[in-house]
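Opened a new page for this one. I wanted to look at the sheet, the core and the ligand surroundings in turn.

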Amino acid sequence: MKLVEMIYWSRMTAPLSMPEIVAILDVARSNNARFGVTGMLTFGAEMFLQSIEGSPDVIDRLYRNLLKDPRHTDVNVIGIRPIAERRFAAWSMGFYTHGLDGSLARAGARSDRFDPASMTLEQSVALLTDMARQLEPTHV
Ligand SMILES: Cc1cc2nc3c(=O)[nH]c(=O)nc-3n(C[C@H](O)[C@H](O)[C@H](O)COP(=O)(O)O)c2cc1C
């Protein structure tokens, strides 16, 4: 099966509460499980950083949905590329926000604040991978 990963960041339209973020995750996980999407989501400073991986047509459709979602705006695709295997195979959508500072440092980010706009594709992937390593694979 052909697989791609897409990494993007976006800005919350208005500050979201944790229950509102959990509501996004609930829908994301149930849709993603159905359509074979896996990935990782984090946020800080009212910005999201997300990786989604799956077949090209499914990722394209999800991207169009994301663009229309009023809860965030300014959706910036950092990269989209083919992958041989999933990085986040255990997660229909992993979510992690703790220890952002440590993850940023290990990912080699230039800023010690969460600022996905200043991060390269490799740093963004490294940050999300570092966070995934700290999760237990319970959210399949
Ligand atoms: C930051 C963010 C991340 C999201 N991630 C996903 C996702 O991984 N999968 C998904 O299906 N929807 C995700 N959504 C929700 C979509 O934008 C959209 O609301 C949803 O796909 C619509 O699904 P529905 O047609 O079943 O209501 C996300 C929304 C936001 C704001």
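My entries on this structure follow.

**Model.** I kept in mind that this is a predicted model.

**Sheet.** I started with the strands. I found an open sheet of five, in the order S4-S1-S3-S2-S5, and the pairing is mixed. Next I looked at the edges: S4 (72-82) and S5 (94-95) sit there with a single partner strand each, so one side of each has no neighbour in the sheet. Then I followed one pair. S1 and S4 run antiparallel to each other, joined over eight bridges. I picked Glu5 and looked for its bridge partner in S4, which turned out to be Arg81.

**Helix over the sheet.** Which strands does H4 lie across? I got S1, S2, S3, S4 and S5, with H4 running at about 100° to S2.

**Core.** The largest nonpolar core holds 27 residues, and the ones that touch the most other members are Met40, Leu128, Met131 and Ala132. I noted the elements giving two or more residues to this core: S1 (4-12), S2, S3 and H4 (121-133). I then took Ala132 and ignored its neighbours within four places in sequence; that left contacts with Met40, Phe88, Trp91 and Gly94.

**Ligand.** I counted 17 residues around the ligand, the closest being Ala28, Asn31, Phe48, Asn65 and Asp69. H1 (18-35), S2 (38-44), S3 (47-54) and H2 (56-68) each give two or more residues to this shell. Which element gives the most? That is H1, with five residues. Sorted by class, I had nine nonpolar, six polar and two charged residues in the shell.

Conventions
Residues are numbered from 1 along each chain as its sequence is written. This is a predicted model: local features need pLDDT of at least 70, side-chain atom pairs count only at pLDDT 80 or more; totals for chains, interfaces and linings use all residues. A residue is near a molecule or strand if its C-beta atom, placed from the backbone, lies within 6 Å of it. Helices (H or I, at least four residues) and strands (E, at least two) are DSSP runs, numbered from the N terminus. Ala, Val, Leu, Ile, Met, Phe, Trp, Tyr, Cys and Pro count as nonpolar, Asp, Glu, Lys and Arg as charged, and the others, Gly among them, as polar. A nonpolar core is a set of buried Ala, Val, Leu, Ile, Met, Phe, Trp, Tyr and Cys residues joined through C-beta atoms within 7 Å. A residue is buried if 20 or more other C-beta atoms lie within 10 Å of its own, exposed if 12 or fewer, and partly exposed in between; C-beta atoms are placed from the backbone. Two residues are in contact if their C-beta atoms, placed from the backbone, lie within 7 Å. Two strands pair if DSSP finds at least two bridges between them. Axes are lines fitted to C-alpha atoms, for helices over the stretch in contact, and angles run from 0 to 180 degrees between N-to-C directions.
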